[in-house]
Amino acid sequence: MEKRNHTVTEFILLGFTRDPLMQKVLFVLFLVMYTLTVVGNFTLIMLICNDSRLHTPVYFFIGNLSFLDLWLSTVYTPKILVTCISEDKSISFAGCVAQFFFSAGLDYSECYLLAAMAYDRYMAISKPLLYSQAVSVKLCAFLVAASYLGGFINSSVITKKTFTFDFCNDNIIDDFFCDLIPLVKLACGGMEGYQALMYFLLASNVMTPIVLILASYLFIIATILRMRSTQGRLKAFSTCSSHLTSVTLYYGSILYIYLRPQSSYSLDTDKIVSTFYTVVFPMLNPMIYSLRNKDVKEAVNKLFSKSIPIWRST
């Protein structure tokens, strides 16, 4: 008899390996990465909120990106840590739905937010005299709100469609989280129109932001090439190098998973790539946006200069 979705009360996450020693090694590795993610993103958010010099559109977007990364990592990593050290590899049906919904919503929101950040860089470099007026507080708030709204609306659609499947091909997910492709492999029947929906969501949430980002950078490159000063060109490029690095790493991993031919599908490789944009990327973002950033370094120095005298006085 077929096992239907309403009878599936839980899923089993196989994770990365069944080797007990490797599971302990992975537990330590993911714990370190999650700690760095939380500390790095929380510190960056705190610096942006507390330092008036960072109350600008670009840091408003970076702060929201850090918030998304902090939230995204928290959706995945705690469950990964539990799976690594516990014999119980299960996740409840409701827990799987929640993880899928928030992961998709946050991923889609980040795609839109990176596109908004590309527009911000375009205005800062191509139209510096109009920048403060064009990229207003209201516009920044609107772009961020639209990113969240668009991401979670689309997430609601794909989540509802995915979890109305008949899961009759067992309940074992050969992955470390409730991801789209492993869940679809468990489904039987009810797939009519699902592939078209996937292509639509891929186009609206991934490809459209990519087109907007590419268009922004084409205008940025054209502006840089018109600059006469080499120093001016280098300065202009340095203002968007962090965002360009972030976009390349994030979209590169997503496009690899969802746009390659099915014949080259490898579950082990997918686990590694998925780990990159779900766990590693949120850890790297604070470093990407702060290590070579003079404003952030000055904000850190200011924070420590305030805290050291307090510490000495006590």
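Student: What does Asp51 form a salt bridge with?

Tutor: The general idea goes like this: side chains of opposite charge can pair when their charged atoms come close. Here the partner of Asp51 is Arg53, and their closest N and O atoms are 3.0 Å apart. Arg53 is partly exposed, with a relative accessible area of 40%.

Student: How many salt bridges does the count come to?

Tutor: The count comes to 3 salt bridges. Another one joins Asp120 to Arg121, with 2.9 Å between the closest N and O atoms. Asp120 is buried, and Arg121 is buried as well.

Student: And what does the pair of Asp174 and Lys271 tie together?

Tutor: Their side chains meet in a salt bridge at 2.8 Å, N to O. Asp174 sits in the loop between β3 (172-173) and α6 (180-186), while Lys271 belongs to helix α9 (residues 267-290), so the pair ties together parts that are 97 residues apart in sequence. As for accessibility, Asp174 is partly exposed at 31%, whereas Lys271 counts as buried at 5%.

Student: On to the sheet. What is the order of its strands?

Tutor: It's an open sheet of 3 strands, ordered β2-β1-β3, and the pairing is mixed. β2 (90-92) and β3 are the edge strands, each pairing on one side only.

Student: In which sense does β1 pair with β3, and in which with β2?

Tutor: Take each neighbour in turn. Strand β1 (residues 10-13) runs parallel to β3, over 2 bridges. Its pairing with β2 is antiparallel, over 3 bridges.

Student: Which helices cover the buried residues of α5?

Tutor: Start from helix geometry: an α-helix has 3.6 residues a turn, so residues three or four places apart point the same way. Now try α5: its buried residues include Cys140, Val144, Ser147, Gly151, Ser155, Ile158 and Thr162. Among the elements covering the buried residues of α5 are α2 (57-85), α3 (93-126), α6 and α7 (194-226).

Student: How far does α5 reach from its first C-alpha to its last?

Tutor: Helix α5 (residues 137-162) reaches 37 Å with its 26 residues, close to the 38 Å expected at 1.5 Å a residue.

Student: Where is confidence lowest, and where is it highest?

Tutor: The general point first: where pLDDT is low, the predicted coordinates should not be read in detail. In this protein, confidence is lowest in helix α10 (residues 294-313), at a mean of 65, and highest in α5, at 94. Two stretches call for care. Residues 1-6 have pLDDT below 50, yet the model gives this stretch 14 contacts beyond near neighbours in sequence. Residues 310-314 also stay under 50, with 0 contacts beyond four places in sequence.

Student: And what is the mean pLDDT of the protein?

Tutor: The mean is 85, and 90% of the residues reach 70 or more.

Methods. Residues are numbered from 1 along each chain as its sequence is written. This is a predicted model: local features need pLDDT of at least 70, side-chain atom pairs count only at pLDDT 80 or more; totals for chains, interfaces and linings use all residues. Side-chain values use heavy atoms; hydrogens and water are left out. A salt bridge is a side-chain nitrogen of Lys or Arg within 4 Å of a carboxyl oxygen of Asp or Glu. Buried means under 20% relative accessible area, exposed over 50%, partly exposed in between (1.4 Å probe, protein chains only). Helices (H or I, at least four residues) and strands (E, at least two) are DSSP runs, numbered from the N terminus. The expected span of a helix is 1.5 Å times one less than its number of residues. Contact means heavy atoms within 4.5 Å. Two strands pair if DSSP finds at least two bridges between them. pLDDT is the predictor's confidence in each residue, from 0 to 100.
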